[in-house]
Amino acid sequence: MGEGSLAKQITDYIIKNKESHYRLAFSYVKNSDDALEVVQESIYKAISTMNTLKTPEYLQTWFYRIVINTAIDLLRKYKKIVVMDDETIARYDSGTVDHYEDIDLQKALDNLPIQYHSVIVLRFFEDLKIEEIAVILDENVNTIKTRLYKSLRMLRIQMND
Amino acid sequence: MMDEKLEKLKKEYMDLSIPEELDYVVRKALKKSGLNIMSKKSIIKRISIAAASIAAVFVVLTVGVNTSPVFAETISKIPIVGNIVKVLTFKEYNINEDTFNSNIKVPAIHGLENKTLENSLNEKYLQEGKKLYEDFQADMKKGKETGGGHLGINSGYEVKTDNDRILSIGRYTVNTVGSSSTEMKYDTIDKKNEILITLPSLFKDDNYVDIISENIKQQMVEQNKADNQKFYWVEGIEQDGMSELFEKISGEQNFYINAEGKLVISFNKYEVAPGYMGIVEFVIPTDVISDILVSNEYIK
């Protein structure tokens, strides 16, 4: 397959799925300007690293990964987030049930540490498989499963279910 | 139930309103990064189409500017040659309305004996500023009619060099439509003889185009070797897309002379590199061009 047809597939994919990419970016950066910037930057990155895409089957996971990394980079630039490792996060999870009765769902999701946010968005909103999420987030399948479980638990706690 | 809550969250996620600019931003990014469904042969054509569509959007975007331009507000005074020649802000056009923002500063040069030169430069700056302002107003009007979008324009100037001999002024225009594009234009004046210095006027003949271009290509490749984040569309760097490769500068390429007396060639965003590189500049080592310079008066 020539480069031309891969380029065409990528272009078509990017145009067709621009709204998904925008939503995904927005879920991290939380405002329209930054989300647009992330989408734009992701396209530049994707195209300049086109040769890292092995086969078009992986287009979606490959591009999602770029979007998420770009969004996190932007947040980091603004120092809006600190990426924590799983042990640190676990310490935040007291295991007891806190009561935030009026907190709304969106807030609960937004308050999740970034890696946990990613897992929820990809699994439940984007309906991706655990294996695909593992590829996107560059973690092994078991880590993703653990995070998914923990993030649900954290959401439940925050939402006082 | 957890499921219900997740369903609700998912609905919120999916219901996010998509800004109108998204399509434009995506298509522009695709075009600018050189990846396009069109064949290689039509690249030049495509670029000019891209340029045209940018111009069109520019017009659409230029929306609200306030109605009373501040007249001759002396924001910056840069004394030159014993305070005789000055660059100052002649006019300022501002708009500040929710999602529409513009700030256009029009520079003016004062104090040249050569009034023809002074007037022609100032007239050019004024016309350009006015055009930006009017375009932005038109775009803002359209933006309002279609219900919004973030539009911004920021234009101003910076004095690149100001010494006994040389005055180099750079004027920039940043267009914001979610993402941004940046343009820079320069004028360089010989303060002693009071003439505008053009790129061809510095050299004995037209060979400078090839000599400078070769040097820039070398610099691009070297920079990329040292840091692979520095990416240019040039032969010698492995290309991923189908971008048109940089061949040579134009005879009237953007340039200025820096404080060290070195020739600096400037390229606008997307001219020779992907957008993340922004405006790129190359300082041309004087020994590369010393044989073809008309004199060493300006460039040292």
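Entry 1: I began with strand S3 (residues 85-97) of chain B, which pairs with S4(B) in the antiparallel sense over 11 bridges. The model is predicted. I looked for a facing pair and found Thr89(B) opposite Pro107(B) in S4(B). The two strands, S3(B) and S4(B), form a hairpin with two residues between them. In that turn, I noted a positive phi of about 35 degrees at Asp98(B).

**Entry 2: the other partner of S4(B).** I checked the cover of S4(B), residues 100-110, and eight of its 11 residues are buried. S4(B) also pairs with strand S5 (residues 151-162) of chain B, in the parallel sense, over five bridges. Here Asn103(B) has Asn154(B) in S5(B) as its bridge partner.

**Entry 3: strand S10(B).** Are the faces of this strand covered or open? I found both covered: Leu263(B), Ile265(B) and Phe267(B) are buried on one side, Val264(B) and Ser266(B) on the other. S10(B) pairs with strand S9 (residues 255-257) of chain B in the antiparallel sense over three bridges. Ile257(B) has Leu263(B) as its bridge partner. S9(B) and S10(B) form a hairpin with five residues between them, and Gly261(B) in the turn has a positive phi of about 75 degrees. I then traced S10(B) to strand S11 (residues 280-284) of chain B: antiparallel, five bridges. Ser266(B) stands opposite Glu281(B) there.

Entry 4: I looked up the second largest pocket, with a volume of about 380 Å³. Of its 13 lining residues, the closest to the centre are Ser48(A), Thr49(A), Asn228(B), Gln229(B) and Tyr276(B). By class, I recorded four nonpolar, six polar and three charged residues in the lining.

How values were computed
Residues numbered from 1 in each chain as written. Chains lettered and ligands numbered in written order. Predicted model: local features only at pLDDT ≥ 70, side-chain atom pairs only at ≥ 80, totals over all residues. Heavy atoms only, no water. 1 Å grid on protein atoms, 1.4 Å probe; cavity = no way out; pocket = protein on both sides within 12 Å on 5 of 7 lines; lining within 4 Å. Points joined across faces, edges and corners; volume = space filled by probe spheres on them. Nonpolar A, V, L, I, M, F, W, Y, C, P; charged D, E, K, R; others polar. Buried < 20%, exposed > 50% of the residue type's maximum accessible area, 1.4 Å probe, protein only. Helix = DSSP H or I, 4+ residues; strand = E, 2+ residues; numbered from the N terminus. Pairing = 2+ DSSP bridges.
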